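Hi,

Here is the structure I promised to send over. My notes on what turned up follow below it.

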Amino acid sequence: MRFLLFYASLILLTYTCQAQSDSMNSRIADTSYLPAPPRAKRPWAYQTYQEFLDNKPTIKDGFSIIPYVNDAGIQMSAARIAFADSIGKKPKIWGFCDGNLVFILPPKGVLPKKIYYPLDYIGRYSFYTISKKVNNITGPSVRSLGAAGALTAAAAAARANSATYQETFIIDDDGNSQQATPDFLLQLFKNRPGIYRSYSDESAIEKSRKMIEYLVSFNESL
């Protein structure tokens, strides 16, 4: 009897391991949908967004990655890429990997020219968050803005009470960075009714506070 129970348990364990293996292999087959696709053991660069999705960079040498140091002499998490003098025409770069993190170029005006920022999450809709200094913020009152401007007013108030504030950007289907506003997220979530309804029901402040949480859930649902 003990032998039969042991044998049955062994068969069940083998079946479970095989099922887990099949599931893992099916996920690995499409790296663009993995939460963290396997990346380089050494630096490489992506010329296009499609190269990033396929995890097949075409630029693997002839450049160096330089940490970004701001005007105050503080090394930031951002970085820039510099090509060797021997390379004549410098290629256009969508992003690069330092062997661990993937860096992409934020929208114009967010950071100094050609400064790349690391992704916080890699998935179907990758995203990253940039911390920015607060300057003196002034603006219209909540009453003058009305209900539609409540989130903007709340964000401004939060910024005014801290030395820095954060802006989240999402990589869209074309490989461009889009600011993660509630309206943009609702458009993104529209094909996932459960997530869409749940996010819609959140208050204006909670929509902003739980943005990352919903983005991760959305990516995991795809």
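A contact here means heavy atoms within 4.5 Å, and helices are DSSP runs of H or I with at least four residues, numbered from the N terminus. This is a predicted model, so local features need pLDDT of at least 70 and side-chain atom pairs count only at pLDDT 80 or more, while totals for chains, interfaces and linings use all residues. Residues are numbered from 1 along each chain as its sequence is written, and side-chain values use heavy atoms, with hydrogens and water left out.

First, the helix pair. Pro 182, Leu 185, Leu 186 and Phe 189 of H5 meet Pro 193, Ile 195, Tyr 196, Tyr 199 and Ser 200 of H6. By class, that contact has 8 nonpolar residues, 1 polar and no charged ones (Ala, Val, Leu, Ile, Met, Phe, Trp, Tyr, Cys and Pro count as nonpolar, Asp, Glu, Lys and Arg as charged, the others, Gly among them, as polar).

Next, burial (buried is under 20% relative accessible area, exposed over 50%, partly exposed in between, with a 1.4 Å probe and protein chains only). In H5, the buried residues are Pro 182, Leu 185, Leu 186, Leu 188 and Phe 189. Asp 183 and Gln 187 are exposed on the other side of H5.

Then there's Phe 218, which sits in helix H8 (residues 211–221) and is buried, at 4% relative accessible area. Leaving aside residues up to four places away in sequence, Phe 218 touches Tyr 125, Leu 188, Phe 189, Arg 192 and Ile 195. Leu 188 is 30 residues from Phe 218 along the chain, with 8.8 Å between their C-alpha atoms.

Cheers

Note on methods:
Helices (H or I, at least four residues) and strands (E, at least two) are DSSP runs, numbered from the N terminus.
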